[in-house]
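Have the sequence and the model open as you read.

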Amino acid sequence: MTLKKKFLLFGLLVIAGNLLTLLVVSRFLSGFEADFSVFDRAGVRIERETLAVARDTNFISRLTRSIMLGDNFANNRAEIDKTIESMQKSFASMKTAAEAIPESGERARMQGLIASAEKDSLEFVGDARRRMQELADIERSPERLRTAWAEYGKGTTPLANRSRESFKALSDGASALMISSRDSTSASLGKVKVTLVGVIAA
């Protein structure tokens with residue numbers, strides 16, 4: 001084999017090697033981008049629904065206080081039921097988002113935070129609804145409403161505080177999920193750039 005042919009063969013092998021490396025890197029990037037997108041979308045969706053539930057729990061607190069201050073019972077009671085349904089839909093959306101997280105450790109962590117927040121918040125609003133229902137078929141005199149307010153403060157307010165703590169943990173978890181996915185992306189893209197530089201240099 002002549003020297004010219006040897007150089008030609010060597011050049012073809014280098015080009016083929018570079019093309020193969022670029023193909024591998026391209027496939028890696030495609031798969032990584034898909035995983036990152038799932039992480040990021042899950043975090044954003046969970047964070048959005050967390051804010052929605054926080055809004056709903058605050059609204060229920062306001063509705064129950066309106067009832068105990070003598071405002072329209074039927075309208076406020078109906079709004080409580082409607083808002084609880086909204087909360088349940090938000091939790092269902094969070095669970096769906098968490099199930100799509102590809103990394104098992106992060107998935108389990110978020111599912112645990114969601115379950116804890118759901119338990120605490122629904123326990124709070126369920127207790128609030130029960131206490132309001134107890135006022136449905138009685139004379140809601142000022143004295144009775146003052147008693148209801150005092151009982152609410154002793155029994156329901158601690159549940160509301162625990163619910164807020166659970167939601168702070170959930171919100172922090174969703175934010176951490178998004179930050180983690182972006183940091184991981186930056187690190188992996190850095191490795192890819194090094195690989196590409198090596199390919200170009202070759």
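Helices (H or I, at least four residues) and strands (E, at least two) are DSSP runs, numbered from the N terminus. By that rule, Arg-131 is found in helix H3. The model is predicted: local features need pLDDT of at least 70, side-chain atom pairs count only at pLDDT 80 or more, and totals for chains, interfaces and linings use all residues. Residues are numbered from 1 along each chain as its sequence is written, and side-chain values use heavy atoms, with hydrogens and water left out.

**The cavity**
- A cavity is a set of points, on a 1 Å grid over the protein atoms alone, where a 1.4 Å probe fits but cannot get out.
- Searching the whole structure gives one cavity of 30 Å³ or more.
- The largest cavity holds about 50 Å³ of space, a volume being the space filled by probe spheres set on the points, which are joined across faces, edges and corners.

**Its lining**
- Lining residues have an atom within 4 Å of a point; among them are Arg-131, Met-132, Arg-144 and Tyr-152.
- Helix H3 (104-133) and helix H4 (142-155) are the elements that give two or more residues to this lining.
- H4 gives the most, with four residues.

**Arg-131**
- Arg-131 is buried, at 18% relative accessible area (buried is under 20%, with a 1.4 Å probe and protein chains only).
- The Arg-131 side chain makes a polar contact with the side chain of Asp-127 (2.8 Å).
- Such a contact is a pair of N or O atoms within 3.5 Å; within protein, one must be able to donate a hydrogen and the other to accept it, and residues adjacent in sequence count only if both atoms are side-chain atoms.

How values were computed
On a 1 Å grid over the protein atoms alone, a cavity is a set of points where a 1.4 Å probe fits but cannot get out, and a pocket is an open set with protein on both sides within 12 Å along at least five of seven lines; lining residues have an atom within 4 Å of a point. Buried means under 20% relative accessible area, exposed over 50%, partly exposed in between (1.4 Å probe, protein chains only).
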